[in-house]
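Dear colleague,

Please find the structure below, handed over for your study.

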Amino acid sequence: MKVRLLILALASSALALSLVAQAQGARAPSAAPKAAQTATSTPADYIMALVNSEPVTRSEVMAGVQRLARQLTQQRQRVAPDSELIPLVLERLINDKVQLQEARDTGIRVDQAAIDQAERNIAQQNQMQVAELRQRVLQDGLSLNQFRSQLQDQVAITRLRERDIQAKTHVSEQEIDQYLSQQGGNADTATQQINLAQMFIAVPEAASSAQVQELESRAQQALQRARAGADFATLLRELTADSSIHVSGGELGLRSLERYPTLFAQASEKLQVGEISALLRSDAGFHILKLLERKKSGLSDMTVRQSHARHILLHTGPQLSDVQAQARLADFRQRVLAGQADFAALARDNSQDASAAQGGDLGWTNPGTFVPEFETVLNTLDPSGISAPLQSRFGWHLVQLLERRSASLSPQQQREAVRNLLLEKKLDERYASWAQDLRGRAYVELREPPQ
């Protein structure tokens, strides 16, 4: 079974975010540090970077490289050589450490209950028990203490991002109206999704005119070869210094035009599938785009996968501890699965929310209705499936999925879909700017390997 552990998933999302940041013109590092370029030839551990006096060691970087390589193998993607992965992983670890320091300095704390919940969520997402998850972690070469420590760090970073970005990012009704107006004045007008591959040649911030001219010449040569039919992925490996682009094959993913930066959207507007753009210049460097796919979907035809579920909710407090609530719900689950009890009857007798009178029935709901912890688990269930006990901010839940269906969106629901689309674009943009700002304010010293 393919296991998507959080530690590996975070490497993937860090990769995706680096691509987004780059596509939006975020300034890339001028070059891979020399320490990273020679790290594989130096077996001893040493400090590769200092981040506000905290070290990032070679052993940390190589462990990250191994995890990322395993994930790429699981996803059947090309695994780049260590020389390409090391700079990428080093930069991710530096950014993580900067964000962890910010979380710590601004009072964000993660208790054991939150780590336990994160562990349960990962197990649920991979359709396994926590004990099996821990066994897989050990097989991957991590101790349980290391695994939980990394979980703690990632929960802290997630909370920091939620506080500093998500909580402050909103989409107004006027923005939705403007979007619909630009699409033709009503929700029936077709919208476009495109998938681009990007070749990116970074221009260092302090580059001289001669250096810029040399990089532009390289980019022009790459453009000519691409238009002459040279393999795009091969050109990436030969001519592009950016490791994250190598790993992904340059593909940025199918998304709405609204979620691509204006520079990319305008450049691809008249391209046919398979065609190559002109050479583009942003603050970060030179870009060459290839249109891989173009799709159209009308808002009037938008459908959503709805879920019909029921649950039992237990609140904890002086009379009921977390351990007791979890054990009680686990007992309920076993009794229902064994045919010894009815879920609806247990909900009516025990659930501590308004749905109890309806046997815990939550009705038909759209994605995003529930808190993330609940929604994540619900999405892993098959019809008639019952989750393990899960904890949210409201208490402990036992969830049963009754059925799923596809439903057409009402005009109001279509507006919410547009709201979510615009929100995702804003979050992408603000994350890139926010992460870059934190990185810019940190003191980062890249170290040479010992001689």
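Predicted model: local features only at pLDDT ≥ 70, side-chain atom pairs only at ≥ 80, totals over all residues.

Two packed helices are described by the angle between their axes and the distance between the axes. For helix 6 (residues 130–139) and helix 7 (residues 144–164), the angle is about 105° and the axes lie 9 Å apart. On the side of helix 6, the contact is made by Leu133, Arg134, Val137 and Leu138, while helix 7 contributes Leu144, Phe147 and Arg148. Sorted by class, this contact of helix 6 with helix 7 holds five nonpolar and two charged residues, with no polar ones.

The second topic is the sheet. Strands of a sheet pair through backbone hydrogen bonds, either parallel or antiparallel. Here, four strands in the order 8-7-10-9 form an open sheet with antiparallel pairing. Strand 8 (361–365) and strand 9 (390–392) are the edge strands, each of which pairs on one side only. From one strand to the next, the twist averages 40°.

Within this sheet, strand 7 (residues 303–314) and strand 10 (residues 395–408) pair in the antiparallel sense over twelve bridges. Leu314 stands opposite Trp396 in strand 10.

Which strands does helix 13 touch where it packs on the sheet? Helix 13 (residues 322–337) touches strand 7, strand 9 and strand 10, and its direction makes about 50° with that of strand 10.

Yours sincerely

Terms used. Residues numbered from 1 in each chain as written. Heavy atoms only, no water. Axes fitted to C-alpha atoms, helices over the stretch in contact; angles between N-to-C directions. Helix = DSSP H or I, 4+ residues; strand = E, 2+ residues; numbered from the N terminus. Contact = heavy atoms within 4.5 Å. Nonpolar A, V, L, I, M, F, W, Y, C, P; charged D, E, K, R; others polar. Pairing = 2+ DSSP bridges.
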